[in-house]
Amino acid sequence: MLRSFAVGYERFCRIVLMIAVTHVAFLVHTLMGVVVIGLFPSISATYTTYRTWWLDEDHSWSIRQTWTVFHRAWKDELAGANRFGWPQALLWLLLMFDYWVVNFHDAGTLGYASAGVLLIGMVFYGLFCSLSWAIRANFNESGWWIVRMTLQMVIAHPLCSLCLTVLVILTVCAWMTWPGLVPAFGVALPVFFVMMIVGKFGKVPGMARPTEDDKPRLRLQTTGTADK
């Protein structure tokens, strides 16, 4: 029993180390791209890093391997991730502005009702965005294909959608309750749980262990063989 506890504790520590390294890599690479260019490739690389780790038979990644996988994914996504991410960001800004207008200005009962509807919409949009990046990390397809696939996933896999929705709410609550989580782990921590939920409940082709029957459209992950 003590041996099992020691093995489990070691695995837990290695996962925490990988998340921490991914967070540092996220910050460094975002700054490398002067934020405007580097942010969305860093988000994409975070998802790709966790997907690669999830599919790897050996989960005992070193700092070097985590960094190498992240860096290669970031370079590959400089153009594509920005094309995919900026439209999402603009819609986020629009939703938050609308929420600010109706929630912090006296608009009567209709205003409060609109604020509630917008809040629910933002939660579900957070679900959509988190799932869309996970789908994008798994399939080498166009942005519109990813959007359609994500919408299908939200409807076809309600357990996965429910877990992701709860995760979005818990993440916001945790960040507001313990602000130290943001500088300590940033988005690297919630993205890790997103990938674990999608891997467990999403039933996405390519998120299970690789087989000979994997669809040819799955994204080729050359980063998975990085040297430790």
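Predicted model: local features only at pLDDT ≥ 70, side-chain atom pairs only at ≥ 80, totals over all residues.
Trainee: Which residues touch the most other members of the largest nonpolar core?
Mentor: This core holds 44 residues. Helices α1 (2-32), α2 (39-55) and α5 (108-138) are among the elements that give it two or more. Another core, of 8 residues, lies apart from it and includes Val102 and Cys129. In the 44-residue core, the members with the most such partners are Tyr47, Tyr50, Ile135, Leu164 and Val198.

Trainee: Leaving aside neighbours within four places in sequence, which residues is Tyr50 in contact with?
Mentor: Tyr50 belongs to the largest nonpolar core. With those sequence neighbours set aside, its contacts are Met18, Ile19, Thr22, Ala188, Val191, Phe192 and Met195.

Trainee: Is Thr66 buried or exposed?
Mentor: Thr66 sits in helix α3. Its side chain reaches the backbone oxygen of Ser62 at 3.1 Å. Beyond four places in sequence, it contacts Met18, Val21, Thr22, Thr49 and Trp61. The cut-off for buried is under 20% relative accessible area. Thr66 has 2% relative accessibility, so it counts as buried.

Trainee: Which element gives the largest share of the lining of the largest pocket?
Mentor: The pocket has a volume of about 1000 Å³. Its lining has 33 residues, with Trp92, Gly126, Val168, Val172 and Trp175 nearest the centre. Helices α2, α4, α5, α7 and α9 each give two or more. The largest share, 9 residues, is from α7.

Trainee: How many residues of that lining are charged?
Mentor: Nonpolar residues number 28. Polar ones number 5. The charged count is none.

Note on methods: Residues numbered from 1 in each chain as written. Heavy atoms only, no water. Core = buried A, V, L, I, M, F, W, Y, C linked by side-chain atoms within 4.5 Å. Buried < 20%, exposed > 50% of the residue type's maximum accessible area, 1.4 Å probe, protein only. Helix = DSSP H or I, 4+ residues; strand = E, 2+ residues; numbered from the N terminus. Contact = heavy atoms within 4.5 Å. Polar contact = N/O pair within 3.5 Å; in protein donor to acceptor, adjacent residues only side chain to side chain. 1 Å grid on protein atoms, 1.4 Å probe; cavity = no way out; pocket = protein on both sides within 12 Å on 5 of 7 lines; lining within 4 Å. Points joined across faces, edges and corners; volume = space filled by probe spheres on them. Nonpolar A, V, L, I, M, F, W, Y, C, P; charged D, E, K, R; others polar.
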